[in-house]
Amino acid sequence: MAKKIRTIENEYMKEQAKKHRVNIKSSKIVRKRMAVFGGILLAILLFLTVLLLFQMNTNRELKQEQASQAVELEKLKDKEIALKERLKQLNSKEYIEKIARSEYFLSNDGEVIFKIPEKDKKKDLTE
């Protein structure tokens with residue numbers, strides 16, 4: 001029952017076989033090109049992903065640094081306000097007189113200053 005199949009050996013069949021071989025060869029070339037371009041695309045995507053992760057990490061670190069710098073800025077602004085207030089006090093004649101009287105024992109005309117020893121001050125405060 002098995003019959004042998006023979007191909008027809010004419011110009012048309014030779015031409016068709018040649019076209020078939022060319023198609024197979026070109027499809028292999030296309031597959032190779034797709035693999036190469038796919039690999040390049042995958043490498044680019046991998047590079048961009050790594051770059052994105054690096055940038056996100058850097059961004060997070062910079063935000064933390066910015067927050068700490070903002071806190072430090074607020075502290076410095078508070079200190080600046082306190083120093084400006086102190087400067088106003090130092091420019092005030094009444095404040096200078098008060099400091100001169102308390103620390104340097106200066107007096108106005110006709111005033112007498114009495115110095116109380118530190119030991120006696122502590123005893124008087126505890127009694």
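Trainee: In which helix is L42 found?
Mentor: This is a predicted model, in which local features need pLDDT of at least 70, side-chain atom pairs count only at pLDDT 80 or more, and totals for chains, interfaces and linings use all residues. Residues are numbered from 1 along each chain as its sequence is written, and side-chain values use heavy atoms, with hydrogens and water left out. Helices (H or I, at least four residues) and strands (E, at least two) are DSSP runs numbered from the N terminus, and the one that holds L42, spanning residues 11-91, is helix α1.

Trainee: Is L42 buried or exposed?
Mentor: Buried means under 20% relative accessible area, exposed over 50%, and partly exposed in between, with a 1.4 Å probe and protein chains only. The relative accessible area of L42 is 59%, so L42 is exposed.

Trainee: What separation do the C-alpha atoms of L42 and Y104 have?
Mentor: Along the chain, L42 and Y104 are 62 residues apart.

Trainee: How do Y12 and E72 count, buried, partly exposed or exposed?
Mentor: Y12 lies in helix α1, and E72 lies in helix α1 as well. Y12 has a relative accessible area of 53% and is therefore exposed. E72 has a relative accessibility of 41%, so E72 counts as partly exposed.

Trainee: How many Å apart are I44 and E61, C-alpha to C-alpha?
Mentor: I44 has its place in helix α1, and at 43% relative accessibility this residue counts as partly exposed. In sequence, I44 and E61 are 17 residues apart, while in space the C-alpha to C-alpha value is 26 Å.

Trainee: At what angle do α1 and α2 pack, and how is that angle described?
Mentor: Two packed helices are described by the angle between their axes and the distance between the axes. Here the axes of α1 and helix α2 (residues 93-104) are 5 Å apart and the angle is about 80°, where axes are lines fitted to C-alpha atoms, for helices over the stretch in contact, and angles run from 0 to 180 degrees between N-to-C directions. Angles under 35 degrees count as roughly parallel, over 145 as roughly antiparallel, 65 to 115 as roughly perpendicular and the rest as oblique, so α1 is, relative to α2, roughly perpendicular.

Trainee: How many helices are in the chain?
Mentor: Read along the sequence, the pattern of the chain is α-α-α. The chain has 0 strands, and its helices number 3.

Trainee: What is the radius of gyration of the chain?
Mentor: The radius of gyration is taken over C-alpha atoms, and the globule rule is 2.2 Å times the number of residues to the power 0.38. For 127 residues that rule gives 14 Å, and the chain is more spread out than a compact globule because its radius of gyration is well over that, at 48 Å.
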